[in-house]
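Me: Hi! I have a chain open on my screen and would like to talk it through with you. Could you start me off with one residue and its surroundings?

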Amino acid sequence: GTATLETFTILYARDGAPQHGVVIARTPEGGRLMARVDATDTATLARLTDLDASPIGLPGQVTNGAADGLLRWTL
C-alpha cells in the first residue's frame, strides 16, 4: 500500500556507493512503518538525496520483499 515519508537515512559502503536506505513512513491509517530502499532502486535513492527538494512528505509504495520478508519502500 501507500505510506508517506517521515524521515530516512542512507547507508554507504566504504567506496561511497549506497548499500541501502531506511525510511520511516506513515500509513493512511496513521500507523508507522520502517522499510528498506534497495541499492538497486537508483531512482528512489536519487530523489531521497536530491539537495534541491526535500522528499519528506512524499507518498511511496510499500511492498513485502519476497527473499527476506523486509518491507520495501519506493517512490
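Reply: Happy to! Not counting residues up to four places away in sequence, histidine 20 touches Ile10, Leu11, Arg36, Val37 and Ala39, where contact means heavy atoms within 4.5 Å. This is a predicted model, in which local features need pLDDT of at least 70 and side-chain atom pairs count only at pLDDT 80 or more, while totals for chains, interfaces and linings use all residues. Residues are numbered from 1 along each chain as its sequence is written, and side-chain values use heavy atoms, with hydrogens and water left out.

Me: Good to know. Is histidine 20 buried or exposed?

Reply: Histidine 20 is buried, at a relative accessible area of 17%. Buried means under 20% relative accessible area, exposed over 50%, and partly exposed in between, using a 1.4 Å probe and protein chains only.

Me: And what does the side chain of histidine 20 make a polar contact with?

Reply: The partner is the side chain of arginine 36, at 3.4 Å. A polar contact is a pair of N or O atoms within 3.5 Å; within protein, one must be able to donate a hydrogen and the other to accept it, and residues adjacent in sequence count only if both atoms are side-chain atoms.

Me: Which strand does histidine 20 lie in?

Reply: Histidine 20 lies in β2. Helices (H or I, at least four residues) and strands (E, at least two) are DSSP runs, numbered from the N terminus.

Me: Okay, zooming out. What pattern does the chain follow?

Reply: Along the sequence it reads β-β-β-α-β-β, which comes to one helix and five strands.

Me: How do β1 and β2 pair?

Reply: Strand β1 (residues 2–12) and strand β2 (residues 18–26) are antiparallel, with eight bridges; two strands pair if DSSP finds at least two bridges between them. Leucine 5 stands opposite alanine 25 in β2. Five residues lie between the strands of this hairpin, and glycine 16 there has a positive phi near 90°.

Me: What joins β2 to β3?

Reply: Seven bridges do, and β3 (residues 32–38) runs antiparallel to β2. Glycine 21 has valine 37 of β3 as its bridge partner. That hairpin has five residues between the strands as well, with glycine 30 at a positive phi near 100°.

Me: And β4 with β5?

Reply: Those two, residues 59–64 and 71–74, pair in the antiparallel sense over four bridges. Between the strands are six residues, and glycine 69 in the hairpin takes a positive phi near 80°.

Me: Changing topic: which residues make up the largest nonpolar core?

Reply: There are twelve: Ala3, Leu5, Ile10, Val23, Ala25, Leu33, Ala35, Val37, Leu45, Leu48, Val62 and Trp73. At least two residues of this core come from each of β1, β2, β3 and α1 (42–48). A nonpolar core is a set of buried Ala, Val, Leu, Ile, Met, Phe, Trp, Tyr and Cys residues joined through side-chain atoms within 4.5 Å.

Me: What is valine 23 in contact with?

Reply: Beyond its neighbours within four places in sequence, valine 23 has contacts including Leu5, Leu33, Ala35, Leu48 and Trp73.

Me: One more: where is proline 55 found?

Reply: Proline 55 sits in the loop between α1 and β4 and counts as buried, at 5% relative accessibility. Leaving aside neighbours within four places in sequence, its contacts are Leu5, Phe8, Arg47 and Leu48. The C-alpha atoms of proline 55 and glutamate 6 are 8.8 Å apart, although these residues are 49 apart along the chain.
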